Amino acid sequence: MPGRTRQEIIAEDVRDLAGLGYTQQLFREMGGFSNFAISFSIISVLTGAVLLFGYGLKLAGPIVNSVGWPVVSLFTLSVAASMAELASAYPTAGGLYFWAFRLGGRGWAWVTAWLNMIGQVTITAGINVAAATYLIGAATRIAGVPADVAVPVFGAATSWNFQLVVMVLIMIPQVVINIVGIRLTARLNDVSVWWHVGGVVLIAALLILFGTHHNGAAFLLRHATVVSPLEAVSADLGDGRTGPALVIADVRLPSPLFALLPALASAYAAAPFPLVFVLGLLQAQWTYTGYDASAHVAEETVMARLNSAWGVFLSVAVSAVVGWVLLMVLTWSIPGGDIAATANDAYPVLQIVYGNLSRVFANVIAIVIGGAMWLCGLASITSMGRMWWAFARDDGMPGAALLKRVSPRHGTPAAAIVATSVLAVLMTAYAAAYSVVTSISTITLYLAYVIPIYLNWRNRRRCRGEYTMPANAPWNLGRLSAVFNVVAILWVAFIAVVFALPPNELVLWTMLAVAFGLAADWRLSARRRFVGPMTTRLPASP
């Protein structure tokens, strides 16, 4: 800001934080670009769009990329804009949880915090197991060996246990860097932005200029179901039986949902276009997760009221454009227009790249994508650790005394970073399927996103309590705020149902178990011991 030094701006940020009830504990070093960079890196079009490329293509065909991505992008922008207003009004590391407390009281805050924390763990799990899966595939392609090459102890390179080990190896340097300090993390996130944008430009340029397969424009709008939803949900149940299954790790059980709703089998076998299209949207919607990170690092951001808000919104807006370009070029370059061959490949994007380009160019792209995924995981751990630390700071969970410790040497929440990273690995072992991890993270995070959005809309409509306005939120939607809020609420309600449907049935039962567990804990214990943000002098709801 003109006429003001950096130290004066930081001093104002510290006063703003004190006005919200907290003293400055973390090192405030990040600028606006670094704040945007962390959310942009977690969204990572070179992670979600690449790893789930075959998922959407298999269900609905190219149209899920050409039309599905823009549709999801527009609705997600409504969510991001609604969140940006709140980030501007309440720039704290607790983010969604703190917003919910100020807007609705401690009950809403507690639920929001747990949904957000579960989402943060599962999104980190999804990102890093995706990176592990991809890097194994890239390594086998570069080495010129089969994708399922034998690996001592683990059997094949494609085995889930081997992917878990690689995931752990990937996460160790990410955890160490996050503990060492926010300055190094911020610089790597800055690099990540240019790595992602440059990577997409490189992929597009090489496939356009040197690709050997280019399909017609009509191909981009084609609908094709390679695997019906019924086939996607079916598994070997033993004794020669195959049918809809609930898969938990290595255990396959007959699907309870299909037993409760027998008509579901015929609907899934018919594979109507609306069904396969909305199921395929998981590819885009999971990619658009984690952009609340800009709010979680608000206490480490200079000029937080503006920079955190712009970080939330612009990370989605820029990703929408960059991601659509990437998907269009990849879809246009599917070798021979053979949708089935690409969709059924264990690594569909690599199949496209190696089927179009010389080995040298293809290897370069494989390395660029792998680097982007690692940087994405690094940023996700940054956000995850801050969210858990913020809730622990307010004694909101078991083990809070340990998790709220800040490293005196590095000024980072080291205990929270390590603990949540271990939980991410355990979550991956439980889910045993990439699409299940991504669905759980998508639903939990978006429910956490929508609760403060709903409360803000409700309070404004009633003209009661706190809500965002130009006076308290410099980044503000003005008269359009209510419209954006309603669109966001309806969209989250829609995806919460769709992404809990088979082939992600485990998500449905997991979410019901989470709801039961949270309700029981609140009724039996939390409502008596949890008072909300510890230093905020505000009345708490009953």
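## Helix H10 against helix H20

In this predicted model, helix H10 (residues 182-210) packs across helix H20 (residues 359-393). Their axes come within 9 Å and cross at roughly 150°. An angle over 145 degrees counts as roughly antiparallel, so H10 is roughly antiparallel to H20. The crossing is left-handed.

What kinds of residues make up the contact of H10 with H20? The contact holds 17 nonpolar residues, seven polar ones and one charged one.

## Helix H8 against helix H19

A second pair joins helix H8 (residues 106-143) and helix H19 (residues 348-356). Here the axes come within 10 Å, and the crossing angle is roughly 25°. Angles under 35 degrees count as roughly parallel, so H8 runs roughly parallel to H19. This crossing is right-handed.

Is H19 enclosed or open? Eight of its nine residues are buried, so H19 is largely enclosed by the rest of the structure. The buried residues are Pro 348, Val 349, Leu 350, Gln 351, Ile 352, Val 353, Tyr 354 and Asn 356. Each of them has under 20% relative accessible area, because that is the cut-off for buried.

## Aromatic pairs

The structure holds 25 aromatic pairs. One of them joins Phe 33 and Trp 194. Phe 33 sits in helix H2 (residues 32-43), while Trp 194 sits in H10, so the pair ties together parts that are 161 residues apart in sequence. H10 is the helix that also crosses H20. Phe 33 is partly exposed, at 36% relative accessibility. Trp 194 is exposed, at 58%.

Trp 310 and Phe 313 give another geometry. Their centres are 6.4 Å apart and their planes stand at 70°, so this pair is edge-to-face. The cut-off for that class is over 60 degrees. Both residues lie in helix H17 (residues 304-332). They are three residues apart, about one turn of the helix. An α-helix has 3.6 residues a turn, so residues three or four places apart point the same way. Trp 310 is partly exposed, at 40% relative accessibility.

Which residues do ring pairs link into a cluster? The cluster contains Tyr 97, Trp 110, Trp 114, Trp 388, Phe 391, Trp 522 and Phe 530.

## Cysteines

How many disulfides does a search of the whole structure find? The search finds zero. A disulfide is a covalent bond between the sulfur atoms of two cysteines. The search asks for a pair of cysteine sulfur atoms within 2.5 Å.

Cys 376 is buried, with a relative accessible area of 0%. Cys 463 is exposed, with a relative accessible area of 60%.

## Backbone features in the loops

Most residues other than glycine have a negative phi, and most peptide bonds are trans.

Ser 44 has a positive phi, near 45°. Ser 44 lies in the loop between H2 and helix H3 (48-51). Buried or exposed, where does Ser 44 fall? Ser 44 is buried, at 0% relative accessible area.

Cys 463 also has a positive phi, near 55°. Cys 463 lies in the loop between helix H23 (434-462) and H24. Here the residue is exposed, at 60%.

Pro 502 and Pro 503 are joined by a cis peptide bond, with omega about 15°. Pro 503 belongs to the loop between helix H24 (481-498) and helix H25 (505-529).

## The loop between H23 and H24

Gly 465 is found in the loop between H23 and H24, and Cys 463 is in that loop too. Gly 465 is exposed, with a relative accessible area of 66%.

How far is Gly 465 from Asn 307? Their C-alpha atoms are separated by 26 Å. Along the chain, the two residues are 158 residues apart.

Conventions:
Residues are numbered from 1 along each chain as its sequence is written. This is a predicted model: local features need pLDDT of at least 70, side-chain atom pairs count only at pLDDT 80 or more; totals for chains, interfaces and linings use all residues. Side-chain values use heavy atoms; hydrogens and water are left out. Rings of Phe, Tyr and Trp (its six-membered ring) pair if their centres lie within 6.5 Å; planes under 30 degrees apart count as stacked, over 60 as edge-to-face and the rest as tilted. Helices (H or I, at least four residues) and strands (E, at least two) are DSSP runs, numbered from the N terminus. Buried means under 20% relative accessible area, exposed over 50%, partly exposed in between (1.4 Å probe, protein chains only). Axes are lines fitted to C-alpha atoms, for helices over the stretch in contact, and angles run from 0 to 180 degrees between N-to-C directions. Angles under 35 degrees count as roughly parallel, over 145 as roughly antiparallel, 65 to 115 as roughly perpendicular and the rest as oblique. A crossing is left-handed if the near helix is turned anticlockwise from the far one by less than a right angle, and right-handed if clockwise. Ala, Val, Leu, Ile, Met, Phe, Trp, Tyr, Cys and Pro count as nonpolar, Asp, Glu, Lys and Arg as charged, and the others, Gly among them, as polar.
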